[in-house]
Amino acid sequence: MGNLQRMKRVLKCLFFVPITLCVIYLISPFVKLVMDIVPMEKSSLESAKMLNLDSSVDASLNFQSRPDVQTCTYWKAAIIWEGMFDPRLYDDMHKSKGSSVALTVFAVGRYLDAYLHKFLNSSEQHFMVGLPVTYYVFTDMPEMLPDIKLSPLRSLKVIKVKKNSRWQDVSMTRMKSISDVIESDIRHHCTYVFCFDVDQVFTGRFGSEALGDSVALLHAHYYHLPKHLYTYDRNPNSKAYMETGDFYYHAAVFGGSWKSVKALTEACYQGIMEDKQNNVEALWHDESHLNKYMLLHKPSKVLSPEYCWDTNIGYKSDIQVTRLLWAPKHYDILRSP
């Protein structure tokens, strides 16, 4: 019996050590300073022509323009940073191909009034400008949607969803909602899908260079950290369980072709439901399941933290532009009953 108790204590320590270390990093300026001078891994490819190309234009990416950062993964997918790409080449290619984009966003409960208007207005200025975009807004209060003046080639559709009692359930059930609307609507009208959290504001170009078959985002708070500090779900009873991974991806932004996003959301929802049947909840909910999926099904393109930055992190020399910013979080108000 004594051995069993000791084993339980050891397992508990192993589970909480990465989380504790990460919390120390986030709150300690000195530790953050030390961690942030640690360079990212550098790419082994000399030319973008050696990539597993998501599109022919990816061969034009200039790795030499960003020697300070990692510009591709070991499976030869590009990591997109400012200075690497010519926006006109990507825009011209996608216009000639007739690419169109669905943007999904959830604005449930107090999140609708707090964030949706700024999110949509800023998207009109910066997201996939020049391409057809359809907004799919999921909300429990369709009658409260703000009045947004849409540009030509843009449209908006509203999908009513029920309000869950816990914010965690809103986060997790969105995977099924996205999968369902891809099947019923998006696949008939759009080439690509991008899924966003609503508590964000576009501040710069978020353009067609971000489009690809399967697109993941480096989490702004983790991209300089060693892997043992990544807060993967380390509960072996969860379908999201990971011992280690390639990167830590942020579920606030993900996308790809409608087929790839449908496969991802279906797999994540299935994992969430299997966990629920076993009375398990992944550490970071749908984000934990997304990281597990991306470990097993490598993204074909990775976005740098420019594409979802938190200004509370402070100055970083490798962040030359910010394209999407975290809005102020007011969880005490927004997530209260």
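# A tour from T73 to the sheet and its helices

Begin by selecting T73, which sits in the loop between helix 2 and strand 1. Helices here are DSSP runs of H or I with at least four residues, strands are runs of E with at least two, and both are numbered from the N terminus. Before moving on, note that you are looking at a predicted model, in which local features need pLDDT of at least 70 and side-chain atom pairs count only at pLDDT 80 or more, while totals for chains, interfaces and linings use all residues. Residues are numbered from 1 along each chain as its sequence is written, and side-chain values use heavy atoms, with hydrogens and water left out.

**Stop 1**

Is T73 buried or exposed? T73 is buried, with a relative accessible area of 4%. On this scale, buried means under 20% relative accessible area, exposed means over 50%, and partly exposed lies in between (1.4 Å probe, protein chains only). Show the neighbours of T73 and you will find I79, F247 and V302 touching it, leaving out residues up to four places away in sequence. A contact means heavy atoms within 4.5 Å.

Now select D54, in the loop between helix 2 (29-36) and strand 1. D54 is partly exposed, at 23% relative accessible area. Setting aside neighbours within four places in sequence, D54 is in contact with L211, G212, D213, S300 and K301. Zoom in on D213: its backbone nitrogen lies 3.2 Å from a polar atom of the D54 side chain. A polar contact is a pair of N or O atoms within 3.5 Å; within protein, one must be able to donate a hydrogen and the other to accept it, and residues adjacent in sequence count only if both atoms are side-chain atoms.

**Stop 2**

Switch to a cartoon view. The protein has 8 helices and 10 strands. An open sheet is formed by 8 strands in the order 1-9-7-8-5-2-3-4, with mixed pairing. Its edges are strand 1 (78-80) and strand 4 (154-160), each of which pairs on one side only. Two strands pair if DSSP finds at least two bridges between them. Strands of a sheet pair through backbone hydrogen bonds, either parallel or antiparallel.

Next, select residues 101-106 and 133-139. These are strand 2 and strand 3, which run parallel and are joined by 6 bridges. Look for V101 opposite V133, then for L103, whose bridge partner in strand 3 is Y135. How many residues of strand 2 are buried? The count is 6 of its 6 residues. The cover lies over both faces: V101, L103 and V105 are buried on one side, and A102, T104 and F106 on the other.

**Stop 3: helix 3**

Select residues 87-97, which make up helix 3; its buried residues are Y90, D91, M93 and H94. Seen down the axis of helix 3, these residues fall within an arc of 165°, so they line one face of the helix. The arc is that of the directions from the helix axis to the C-beta atoms. What covers the buried residues of helix 3 includes strand 5 and strand 9 (301-303). Turn to the other side of helix 3 to find R88 and S96, which are exposed.

Check both ends of this helix too. Just after helix 3, G98 has a positive phi of about 75°.

**Stop 4**

Move to the loop between helix 6 and helix 7 (286-296) and select N279. N279 has a positive phi of about 55°, although it is not a glycine. In the loop between helix 6 and helix 7 you will also find H285, a non-glycine with a positive phi of about 55°.

**Last stop: the whole protein**

Zoom out and show everything. Of the 337 residues, 53% count as buried. Among contacts with a separation of 6 or more, 74% come from residues 24 or more positions apart.
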